[in-house]
Amino acid sequence: MIEADHLTHAYGATRGIEDLSFSVRRGEVFGYLGPNGAGKTTTIRTMLDLIRPTSGAVRIFGLDARRDAPRIHTHVGFLPGDLTLYERLTGQEYLRAFASFRGNGIPWERVDALAARLRLDLGRRIRSLSHGNRQKVGLLQAFMHEPRLLILDEPTQGLDPLVQQEFAAMLDETRARGGTTFLSSHVLPEVERVCDRVAIIREGRLITVSDVEELKTHALRWLELHFDRPVGAESFASLASVERAEQHGDRVRLTVRGPLDEVIKEAARHNVVNVVSEEASLEDIFLTLYRDGSEGVTAP
């Protein structure tokens, strides 16, 4: 659905994004992670031909993102991170205007149903809406025509937890009908919950592109082994997958990266009473990669 090939955009002497290459598969929810200023919005604007690349290229639906932008936009639902609305209009007037731009082929029953799910009153003027309700209007205009591709920049800003759950359900439904979602966010629990794969961007460059579960299998995890008597940590510390081992009485606390096979075999030499495993979250992985700038598991 999306193919970025050495995509670069510079703001004069300032680097925005540099040499980005990744692909997004049909039917997946692809998370694009990084803090503010990392280059997420610049990537999206370049993909949509809102700004032009300094070098490199993007193809969407197999079409050139610059030459074929009008054809591409017909099949895209876009929610910008810096959402600006016509404040004098009601939500309904605003969305009907957007529907007219798309040829009035959108059943209004679908819009009403989405508004009900998001708990949005379309009869109110936009200037009277809270930030969260304005965000719902933006989500509606992105989803209402059931696009082949959703491009969402920080979509859950200002949404309460119940509406965030409904948003996640809408993404699942998009995936089920074969639609694809490119979701830019810095809300890591949200991305871990809804995304199939993630790319992490740091200072304009990609650190990793990987399946969420694959990232976790190569990330640090923590094990606490409880034995029937004290067992020294030295035999565990010598294992290739163990980065740290500490003994606390009859318990051994391990920091492990990678497969657990050799750890389990070593533990089996003793009488194990209990095992407590703490798996790394996506947030743990993100912070580790960001802190040391290391490369993750790449699966473009």
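Six strands make up an open sheet of mixed pairing, ordered β6-β7-β8-β3-β9-β10. Strands pair if DSSP finds at least two bridges between them. Helices (H or I, at least four residues) and strands (E, at least two) are DSSP runs, numbered from the N terminus. The model is predicted: local features need pLDDT of at least 70, side-chain atom pairs count only at pLDDT 80 or more, and totals for chains, interfaces and linings use all residues. Residue numbers start from 1 along each chain as its sequence is written, and side-chain values use heavy atoms, with hydrogens and water left out.

- The edges are β6 (76-79) and β10 (205-211), and each of them pairs on one side only.
- Neighbouring strands are turned by 15° against each other on average, direction ignored.
- Axes here are lines fitted to C-alpha atoms, for helices over the stretch in contact, and angles run from 0 to 180 degrees between N-to-C directions.
- Strands β7 (residues 149-153) and β8 (residues 180-185) run parallel, joined by five bridges.
- Within this pair, Ile 151 has Phe 182 of β8 as its bridge partner.

**Helices on the sheet**

- Helix α1 (residues 40-47) packs on the sheet and touches β3 (29-33), β6, β7, β8 and β9 (197-202).
- The direction of α1 makes about 145° with that of β8.
- Helix α6 (residues 161-176) lies across β3, β7 and β8, and runs at about 145° to β8.
- Contact means heavy atoms within 4.5 Å.

**The α5/α6 pair**

- Helix α5 (residues 131-143) and α6 have axes that come within 13 Å and cross at roughly 10°.
- The two helices are therefore roughly parallel to each other (angles under 35 degrees count as roughly parallel, over 145 as roughly antiparallel, 65 to 115 as roughly perpendicular, the rest as oblique).
- From α5, Lys 136, Leu 139 and Phe 143 meet Val 163, Phe 167, Met 170, Leu 171 and Thr 174 of α6.
- By class, this contact has six nonpolar, one polar and one charged residues.
- Ala, Val, Leu, Ile, Met, Phe, Trp, Tyr, Cys and Pro count as nonpolar, Asp, Glu, Lys and Arg as charged, and the others, Gly among them, as polar.
- Thr 174 of α6 is buried at a relative accessible area of 2%.
- Buried means under 20% relative accessible area, exposed over 50%, partly exposed in between (1.4 Å probe, protein chains only).
- Beyond its neighbours within four places in sequence, Thr 174 contacts Phe 143, Leu 150, Gly 179, Thr 180 and Thr 181.

**Nonpolar cores**

- A nonpolar core is a set of buried Ala, Val, Leu, Ile, Met, Phe, Trp, Tyr and Cys residues joined through side-chain atoms within 4.5 Å.
- The largest one has 42 residues; Leu 95, Leu 122, Leu 140, Phe 143, Leu 152 and Leu 171 touch the most other members.
- Not counting residues up to four places away in sequence, Leu 122 touches residues including Leu 95, Trp 108, Val 111 and Leu 140.
- Another core, of 28 residues, lies apart from it and includes Met 1, Phe 30, Val 58 and Ala 199.

**Hairpin and positive phi**

- Strands β12 (residues 242-248) and β13 (residues 251-257) pair in the antiparallel sense over six bridges.
- Gln 247 stands opposite Val 252 of β13.
- Two residues separate the strands of this hairpin, where Gly 249 takes a positive phi near 65°.
- Asp 49, not a glycine, also has a positive phi, near 65°.
- Asp 49 lies in the loop between α1 and β4 (55-60) and is buried at 17% relative accessible area.
- Glu 154, in the loop between β7 and α6, has a positive phi of about 50°.
- Glu 154 counts as buried, at 9% relative accessibility.
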